[in-house]
Amino acid sequence: WIDRLRQHFSEALAIYRHLSTLHLERAAGKEILDRLRHPVMLVDAAGMLRHANAAARDALSSGQAVRVV
């Protein structure tokens with residue numbers, strides 16, 4: 001049973017490392033978008049806003065018109 005437990009921990013560690021990498025990549029992508037001076041908004045298939053960079057948040061809060069392209 002020790003071998004099965006060792007295998008389980010090994011797989012759990014691999015999953016943890018993979019999720020950590022994905023988290024870092026996502027954070028880096030958001031930072032890159034936030035540095036853009038043009039408004040960028042990411043929406044899902046249902047049209048729900050999932051991310052707005054700093055310029056987009058400023059445009060939305062100031063009431064500036066938003067154009068969907």
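Modeller: Start with the elements. Helices are DSSP runs of H or I with at least four residues, strands are E runs with at least two, and both are numbered from the N terminus. By that rule, H51 sits in strand β2, residues 49-52.

Colleague: What should I know about the model and its numbering?

Modeller: The model is predicted, with local features needing pLDDT of at least 70, side-chain atom pairs counting only at pLDDT 80 or more, and totals for chains, interfaces and linings using all residues. Residues are numbered from 1 along each chain as its sequence is written, and side-chain values use heavy atoms, leaving out hydrogens and water.

Colleague: What pLDDT does the protein chain average, and which elements have the lowest and highest means?

Modeller: pLDDT is the predictor's confidence in each residue, from 0 to 100. The protein chain averages 91, and 93% of the residues score at least 70. Helix α2 (residues 54-62) has the lowest mean among the elements, 90. Helix α1 (residues 2-35) has the highest, 94.

Colleague: How many helices and strands are there, and in what order do the elements run?

Modeller: Two helices and two strands. From the N terminus the order is α-β-β-α.

Colleague: What makes the protein chain more spread out than a compact globule?

Modeller: Its radius of gyration is 19 Å, whereas the globule rule gives 11 Å for 69 residues, so the chain is more spread out than a compact globule. The radius is taken over C-alpha atoms, and the rule is 2.2 Å times the number of residues to the power 0.38. The C-alpha atoms fill a box of roughly 65 × 25 × 20 Å along the principal axes.

Colleague: What share of contacts joins residues at least 24 apart?

Modeller: Contact means heavy atoms within 4.5 Å. Among contacts between residues at least 6 apart in sequence, 3% join residues at least 24 apart.

Colleague: Why is H51 called buried?

Modeller: Buried means under 20% relative accessible area, exposed means over 50%, and partly exposed lies in between (1.4 Å probe, protein chains only). H51 has 11%, so it counts as buried. Leaving aside neighbours within four places in sequence, H51 contacts K30, L33, D34, V40, M41 and L42. Of the 69 residues, 10% count as buried.

Colleague: Is A52 buried or exposed, and what does A52 touch?

Modeller: A52 has 9% relative accessibility, so it counts as buried. A52 is also in strand β2. Beyond residues up to four places away in sequence, A52 touches D34, V40, M41 and R57. The C-alpha atoms of A52 and D34 are separated by 8.1 Å, although the two are 18 residues apart along the chain.

Colleague: How do you know that E31 forms a salt bridge with R35?

Modeller: A salt bridge is a side-chain nitrogen of Lys or Arg within 4 Å of a carboxyl oxygen of Asp or Glu. The closest N and O atoms of E31 and R35 are 2.6 Å apart, so the pair qualifies. The two are four residues apart in helix α1, which means a separation of about one helical turn. E31 is partly exposed at 42%, and R35 is exposed at 65%.

Colleague: What makes D34 and R57 a tie between parts of the chain?

Modeller: D34 and R57 form a salt bridge, with the closest N and O atoms 3.6 Å apart. D34 lies in helix α1 and R57 in helix α2, so the pair ties together parts that are 23 residues apart in sequence. Both ends count as partly exposed, D34 at 29% and R57 at 42%.

Colleague: How many salt bridges does the structure hold?

Modeller: Four. Among them is D44 with R50, at 2.8 Å, N to O. D44 is partly exposed at 25%, and R50 is exposed at 58%.

Colleague: Which residues form the nonpolar patch on the surface?

Modeller: W1, I2, L5 and F9, with about 480 Å² of accessible area together. Patch residues have over 30% relative accessible area and no salt bridge; like charges are joined within 9 Å, and nonpolar side chains (Val, Leu, Ile, Met, Phe, Trp, Tyr) within 5 Å. F9 lies in helix α1. F9 has a relative accessible area of 52%, so it is exposed.

Key. Accessible areas come from the Shrake-Rupley method with a 1.4 Å probe; for residues, only the protein chains shown count as cover.
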